[in-house]
Amino acid sequence: MLELADVSITYGHIQALKGISLEVREGEIVALIGANGAGKSTTLNAVSGLVPTTAGNIVYQGRSITGRAPHTIVREGIVQVPEGRAILTTLTVSDNLELGGFVRRDSEKDKDMDAVFARFPVLKEKAGEPAGILSGGEQQMLALGRALMARPKLLLLDEPSMGLAPLIVRDIFNIILEINKGGTAILLVEQNAKMALKISGRGYVIETGRIVLEDSAENLLHNPKVIAAYLGG
Amino acid sequence: MEPETAFSAIGEDLICIGRVTVFLQQFANALALGSVYALFAIGFTLIFGVLEIITLAHGTIFMVGAFAGLLAVTKLHLGLGPAILTAMLAAGTLGWVIDLVAVRPLRKRSFHHLAPMIATIGCATFITSIAQGLFGAEAYRFPFDFVPATSYTLGPVQLTLLQLIIIAISFAFMVIIIVLLHKTKWGKAVRAVAENRRTAALLGIPVDRVYQITSFTAGALGGAAGILTGINFNTIHAFMGGPMLHRGIAVVILGGMGDIRGALLGGLILGFSEIMSVAYISSDFRDAVSFGLLFLILLLKPAGIFGRTGERKV
Ligand SMILES: Nc1ncnc2c1ncn2[C@@H]1O[C@H](COP(=O)(O)OP(=O)(O)O)[C@@H](O)[C@H]1O
Ligand SMILES: [Mg+2]
C-alpha cells in the first residue's frame, strides 16, 4: 500500500536519506531499525510530508503523494505518532483525542472516543485535565489513542517505547499488535530492535541514510550481523 | 459638640462622598476605554500566539475599521449594529489580505524573524497613505446623535448609553472569542497550531488555513475596536492607528505575549491608568504615567503578567 522508491532527503549540507526504497503491504507490521541518527525519523517525516524530498518517489495506494502537504496525507489515512509523542499539553486529554479525528466528517467520532476510553481507562479518568499532566506512559497511550481517532489505514510509529519503563513498553507493544489485528498496517521505527522485530512480519535495517538489510523479521532476529549490531549480542 | 465642628464634620463627609463618586465615575470611563484596548490587543496577541509574528499593521486595520463603520453610517445609512459588522468585515478582510500578500510568502521560505515586521510596516504605510489620499488629514465625525446621549444611573455612577454599548460589545466579543477557541473544533485547531504547528499538521489540521482564519478574526476584532473608538471619541482620521498600535504592543507585552487573558487584563489596566492619571494628576502626563506604570509592572514581571518563558497559551 505504501512504497518508497529511491527517496533522498537533505538538510542543508547533511544528506540524511541517500536513496531509500521500502514497502509496506496491507495489514503488515514492518519494522525499521537502526542506530541513532540513521535516518529513521526522517523516513517517516518524508512520508508524512513534513520534509521535502530531493529525489525519489513516495507512492500510496497506487498514487504519488510526494510533495503533498501534511494534512492532506493524514486525510489519505496515513497517520504518524512522532518521536516524543507530541502531546498538545495546553489542551485537555479529550480535546487531544477530538483533534485526532479532525479530518473525519462522519458521525461516529463519539463512538470511537468511547472505544479509546475503553482501551485506555486512565485517559477517561483524566479526560478533562490538561494533557501536560500525564505521565510518559499515559502520553504514549494518548498519542496512540489520538492517532486511532483518525481511523488510520497506515500508522507510522516513531520509537513508541522511548523513555518508558519495561512493563509499560510491553503494554504498548501489545496495544500495537491489537491495532494491527484490527486491520491497520504499521511502519514501526524502533531502537528497541528485539521488541520491534518480535511483533513485525518484515523488517529493514537502515544505516546512515541507506537500507542495508531487508528480510523477514524472523530471519533478521537470527541474523548474526543484526544480533551483533542491534540485539545486544 | 460645638455646632461649628459638627458642621465641618458633615462637610468633610460630603467631600469624601464626592470623591468616591468622582472615582466611580472615572471607573466607568476607564472600563469603557480599557475594554476597547483589550479588544484591540486580543487580535494582536492572537496573531502573535498563532502565527508567531508581530504584526505592525494592526493599527492600520483598526483605522480602516473605523472608516468602514463611518461610511456604513454616513453613506449607507446603516444603524450601529450593521455598521459594527461592516467595520469587522472590512477590517477582517484586510487582515486576511495582508496575511496573503505580505506574510504568507515569507512563511513559504524560512525567514528572519524581523521580516514580517518590515512587511507589515510596509502594508501599514501603504494603506495609511491611501486613506490619507481618500480622506485627507482632517478628522471625521459620526452624525450628531448617532448614539443618543441618554445616560443611566447605577447607584452613584452615571453611565452613558455609549459607554454601556462599548463595554457590552467589547466584553461580548471577548467572551465569544474565548468560547470559540475552547469549545469548537476549529477553535481547538487554532490552539493546537499555537502550541505546535508541526503536531497540528500531523493531526491533519490545515495549518495555513488556520493562519488565514486567525488573521481574519484578529482583523475583525481590530475593526470592532476601531469603530467603537471612533464613536467614543467622535474623531476618525487616517493616522488614528499609530497611537493605538503603541498601546496594543504595550498591552500585550504587559499581559504576556500571546496570552488572551493577559491582553484582556492589560487592556483594562492601561485604560484605568490613563483615565486615573488624567483625573488625578494631569492630562499632560497621561501617557507618561500610564506607560510608566506598565514599565514598573514589567520590572516586577519581565515576561508579563501571564507570560511564561518558552510556553504560549491562546
Ligand atoms: N531538522 C534537521 N536539521 C538538520 N539535520 C537533521 C534534522 N533532522 C535530522 N537531521 C539529521 O539527519 C540525520 C538523520 O536523523 P533522524 O532521521 O532523526 O535519525 P533517527 O531517527 O534514525 O535517529 C542525522 O544525521 C540528523 O542529525
Ligand atoms: Mg528518530
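This is a predicted model: local features need pLDDT of at least 70, side-chain atom pairs count only at pLDDT 80 or more; totals for chains, interfaces and linings use all residues.

Residues are numbered from 1 along each chain as its sequence is written, and chains are lettered from A and ligands numbered from 1 in the order in which they are written.

**Exercise 1. Describe the shell around ligand 1.**

Step 1: collect the residues near the ligand (a heavy atom within 4 Å of it). They are Y11(A), I14(A), A16(A), A35(A), N36(A), G37(A), A38(A), G39(A), K40(A), S41(A) and T42(A).

Step 2: sort them by class. Five are nonpolar, five polar and one charged, where Ala, Val, Leu, Ile, Met, Phe, Trp, Tyr, Cys and Pro count as nonpolar, Asp, Glu, Lys and Arg as charged, and the others, Gly among them, as polar.

Step 3: look for polar contacts (N or O pairs within 3.5 Å; within protein, one atom must be able to donate a hydrogen and the other to accept it, and residues adjacent in sequence count only if both atoms are side-chain atoms). Oxygen atoms of ligand 1 lie 2.7 Å from a backbone N or O atom of G37(A), 2.8 Å from a polar backbone atom of K40(A) and 2.5 Å from a polar side-chain atom of T42(A).

Step 4: work out the cover. Taken alone, ligand 1 exposes 560 Å², and the protein buries 62% of that; the areas come from the Shrake-Rupley method with a 1.4 Å probe, and for residues only the protein chains shown count as cover.

Step 5: assign elements, using DSSP runs numbered from the N terminus (helices H or I, at least four residues; strands E, at least two). β2 (14–24) and α1 (40–48) of chain A each give two or more residues to the shell, and α1(A) gives the most, with three.

**Exercise 2. Which protein atoms are donors of the magnesium ion (ligand 2)?**

Step 1: search for N, O and S atoms within 2.8 Å of the metal (3.2 Å for Na, K and Ca); water is not among the atoms, so sites may look incomplete. The search gives S41(A) (OG) and E83(A) (OE), at 2.1 to 2.2 Å.

Step 2: S41(A) lies in helix α1 of chain A and E83(A) in the loop between β6 (78–81) and α3 (93–100), so the pair ties together parts that are 42 residues apart in sequence.

Step 3: check exposure (buried is under 20% relative accessible area, exposed over 50%, partly exposed in between; 1.4 Å probe, protein chains only). E83(A) is partly exposed, at 39%.

**Exercise 3. In what order do the four strands of the open sheet in chain A stand?**

Step 1: pair the strands (at least two DSSP bridges between them). The order is β2-β1-β4-β5, with antiparallel pairing.

Step 2: find the edges. β2 and β5 (63–64) of chain A each have a single partner strand, so one side of each is left without a neighbour in the sheet.

Step 3: inspect one pair. Two bridges join β4 (residues 55–60) of chain A to β5(A), and Y60(A) stands opposite R63(A).

How values were computed. Side-chain values use heavy atoms; hydrogens and water are left out.
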